Amino acid sequence: MEKIVLPDINDLHQISVYEQNGGYTAARKAFGQKPDEIIDTVKKSGLRGRGGAAFSAGLKWSFMPKATNKPKYLCINGDESEPGSFKDRQIFEYNPHQLIEGILIASYAIGAKVTYVYIRGEYHKWIKLFEKALSDAYEQGYAGEKMKEKFGTEFSCEIYVHKGAGAYICGEESALMNSIEGKRGYPRVKPPFPAQNGLWGCPTTINNVETITNVPAIINKGWEWFSQIGEPKHPGTLLYGISGHVNKPGVYELPSGMLLTDLIYNYAGGVSGNKKILCIIPGGSSMPPLRGDQIDGVKMDAESLKAVGTSIGTAGVMVMDEDTDLVKVLARIAKFYYHESCGQCTPCREGTGWMLKILNRLAAGEGSIHDLDLLVSVASNIEGNTICALGEAAAWPVRHMVTRFRDYFEQRVKKEVTLQVANKVHSMRHTAFPLTEIKE
Amino acid sequence: MEFKFTEENLTKIEGILKKYPEKKAAVMPVLYIAQEQNGWISQEVMKEVAALLDMHSDEVLGVVTFYTMYHQKPMGKYHLQVCTNVSCMLRGAYSIYNHVKDKLKIENGGITEDAVFSLEEVECMGSCGTAPMIAVNEDFFENLDEQKVDQIIESFKDRN
């Protein structure tokens with residue numbers, strides 16, 4: 001199987017090696033076409049975003065307005081902070097020039113003169129590696145003003161790196177733009193969408209690192225070729241990041257639609273100690289978990305996972321064996337979202353804290369059976385009631401873990417049930433009794 | 001204590017400003033430079049950054065408090081960041097974290113008396129495939145066990 005994003009070529013991060021292997025020929029080819037042709041090719045290829053939402057990349061590009069006096073921007077999302085997701089760092093390290101080439105093509109297609117590559121602040125090493133590749137590209141005329149000479153075109157674009165500073169929410173596209181603008185990373189209310197009103201109020205497209213790295217191959221080999229790899233509705237390869245209780249954790253580039261069991265047992269070396277699988281999170285910690293006995297025949301692509309009630313996310317597969325304390329795992333996940341909630345929307349800001357408190361109570365053995373329903377209720381009240389998808393990201397694992405592992409969680413609650421009414425006035429508010437009749 | 005950027009850093013900042021259409025957008029990279037020079041972000045640093053970028057110092061404060069990587073107090077010379085998120089947790093991150101706590105006798109956010117080490121429990125660092133991990137300042141140490149953690153801490157003690 002041919003690899004697109006991370007081919008097995010030694011020293012591919014060096015510009016000379018990249019050039020020897022056909023590097024920057026796709027950009028040259030693209031500059032000879034009309035921008036609309038490129039957008040059309042990418043649309044037909046079926047390339048979908050690799051950052052979590054799996055939205056059609058070509059369609060996203062086509063939203064950029066043609067007639068506008070404002071400058072247009074491209075942002076590359078390399079914030080990669082979703083727990084269980086560690087794929088983009090491989091691209092920065094092993095194939096940065098293909099990302100740069102993808103940026104050139106995308107910039108040309110949407111008419112962007114400036115690109116900001118947003119990389120999470122903790123990735124010091126990978127920022128340096130990418131900046132090295134970028135400065136080589138500038139030197140060789142593959143970016144900046146020199147492009148006109150190198151490619152013999154009128155088009156040129158600038159690429160800048162913007163370093164994050166430890167906020168998960170900046171992976172959300174509108175928070176990412178606020179962060180580049182030098183503000184707190186608060187997500188914006190949509191609409192208006194970035195293509196109309198993005199960076200500094202100008203038309204902006206935001207794509208994930210892996211998505212853009214696929215583009216040069218699509219231009220060079222054609223959309224027909226790409227659309228035939230893996231699952232037809234979610235074609236191409238995916239960087240599956242497998243972590244947790246497996247013998248060989250790591251990133252594996254394979255066609256989309258791989259069987260989950262195939263990934264775990266044939267590529268990641270099986271479960272450590274030959275134990276059974278209790279739980280799997282298929283796409284990073286915010287995706288609904290699956291039971292170990294639910295994964296037979298489940299394929300890893302957006303549509304197949306949707307059918308079994310979860311989502312592809314970033315294809316970061318977390319494997320938990322039968323001895324895992326799921327209550328503690330869920331409490332840890334809840335802690336993460338509590339920590340990362342930006343605090344703009346009340347349901348998320350308060351709800352994440354409540355879920356954490358309840359889960360900590362359960363983990364300490366102090367939870368009651370009512371807490372399980374309370375968790376589902378709190379989670380359901382966050383979902384759909386927030387500006388951005390962090391609400392769903394926090395609620396999904398809780399709601400689905402508690403419902404799908406109800407038996408497991410019920411074993412962990414206190415046996416005796418004490419009926420408590422914390423606040424009688426509050427609890428009677430919807431009754432016909434006048435408040436004065438409530439007695440202790 | 002008054003804070004002024006060094007000439008060298010002012011030149012760097014000039015280069016950064018060229019990347020953005022607005023001065024304010026440079027606040028994050030400029031804060032990084034300030035932190036590198038000063039060790040942490042003090043009130044004086046924020047005032048200076050604000051003056052340089054035509055911002056209000058409260059706006060800068062808003063940015064500093066939002067992002068966890070800007071330190072609002074002095075940190076140890078070697079800042080240990082232990083990830084305890086799920087992928088690391090499944091591979092023993094909490095025993096590593098507790099081991100570091102016991103060894104250095106500091107809590108989360110704490111700093112050793114000699115100011116050589118400080119400790120922070122951090123969220124996912126993207127080392128899920130090579131878990132568990134510790135980052136010391138900017139460098140990642142991965143695939144750890146308690147023995148390796150001891151070696152790392154000793155090596156930094158020696159370096160000091």
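Mentor: Helices (H or I, at least four residues) and strands (E, at least two) are DSSP runs, numbered from the N terminus. The model is predicted, so local features need pLDDT of at least 70 and side-chain atom pairs pLDDT 80 or more, while totals for chains, interfaces and linings use all residues. Residues count from 1 along each chain as its sequence is written, and chains are lettered from A and ligands numbered from 1 in the order written.

Start with the open sheet of chain A, where 4 strands lie in the order β3-β2-β1-β4 with parallel pairing (pairing takes at least two DSSP bridges between two strands). From one strand to the next, the twist averages 20° (angles run from 0 to 180 degrees between N-to-C directions of axes fitted to C-alpha atoms, for helices over the stretch in contact).

In the pair of β1(A), residues 73-78, and β4(A), 5 bridges form in the parallel sense. Within this pair, Y73(A) faces T204(A) of β4(A).

Helix α6(A), residues 96-110, packs on the sheet and touches β1, β2 (114-119), β3 and β4 of chain A (contact puts C-beta atoms, placed from the backbone, within 7 Å). The direction of α6(A) makes about 145° with that of β1(A). Helix α10(A), residues 209-221, lies across β1 and β4 of chain A, at about 90° to β4(A).

Another pair in chain A is antiparallel: β5(A), residues 237-244, is joined to β6(A), residues 250-255, by 6 bridges. The two form a hairpin with 5 residues between them. Here T237(A) is opposite P255(A) of β6(A).

Conventions:
Contact = placed C-beta atoms within 7 Å.
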